[in-house]
Amino acid sequence: MKICQKCGRKFERLLAVSRVDNKTMICDGCGTMEALESVPHRVLTPQERTRIAVAATGNKWAMENFNATHN
């Protein structure tokens with residue numbers, strides 16, 4: 001069992017890297033929260049939210065398609 005350095009809970013594996021130091025392994029939940037906290041504190045437009053979601057998939061074709069239809 002591994003312990004998340006951020007929340008202290010035990011997990012079989014830690015798959016996220018902390019954005020604080022880019023080397024500490026943390027749990028998925030804490031990784032998600034760090035990612036959300038890094039988003040600027042303003043309201044995103046629906047297009048911006050979709051662009052972020054498409055980019056997060058890592059699918060280059062989907063990103064090219066999004067850019068082609070939203071520019």
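Which residues does R9 touch, not counting residues up to four places away in sequence? In this predicted model, local features need pLDDT of at least 70 and side-chain atom pairs count only at pLDDT 80 or more, while totals for chains, interfaces and linings use all residues. Residues are numbered from 1 along each chain as its sequence is written, and side-chain values use heavy atoms, with hydrogens and water left out.

With that exclusion, R9 touches K2, I3, C4 and C27 (contact: heavy atoms within 4.5 Å). R9 lies in the loop between strand 1 (2–3) and strand 2 (10–11); strands (E, at least two residues) and helices (H or I, at least four) are DSSP runs numbered from the N terminus. The C-alpha atoms of R9 and I26 are 9.7 Å apart, with a sequence separation of 17 residues.

The structure holds zero disulfides, a disulfide being a pair of cysteine sulfur atoms within 2.5 Å. For C4, the nearest cysteine sulfur is that of C7, 3.6 Å away. C4 counts as buried because its relative accessibility is 1%, whereas C7, at 34%, counts as partly exposed (buried: under 20% relative accessible area; exposed: over 50%; partly exposed: in between; 1.4 Å probe, protein chains only).

The axes of helix 2 (residues 46–57) and helix 3 (residues 60–70) come within 9 Å and cross at roughly 160 degrees; axes are lines fitted to C-alpha atoms over the stretch in contact, and angles run from 0 to 180 degrees between N-to-C directions. Helix 2 is therefore roughly antiparallel to helix 3 (angles over 145 degrees). In their contact, Q47, T50, R51, V54 and A55 of helix 2 meet A62, M63, F66, N67 and H70 of helix 3.

Terms used. Angles under 35 degrees count as roughly parallel, over 145 as roughly antiparallel, 65 to 115 as roughly perpendicular and the rest as oblique.
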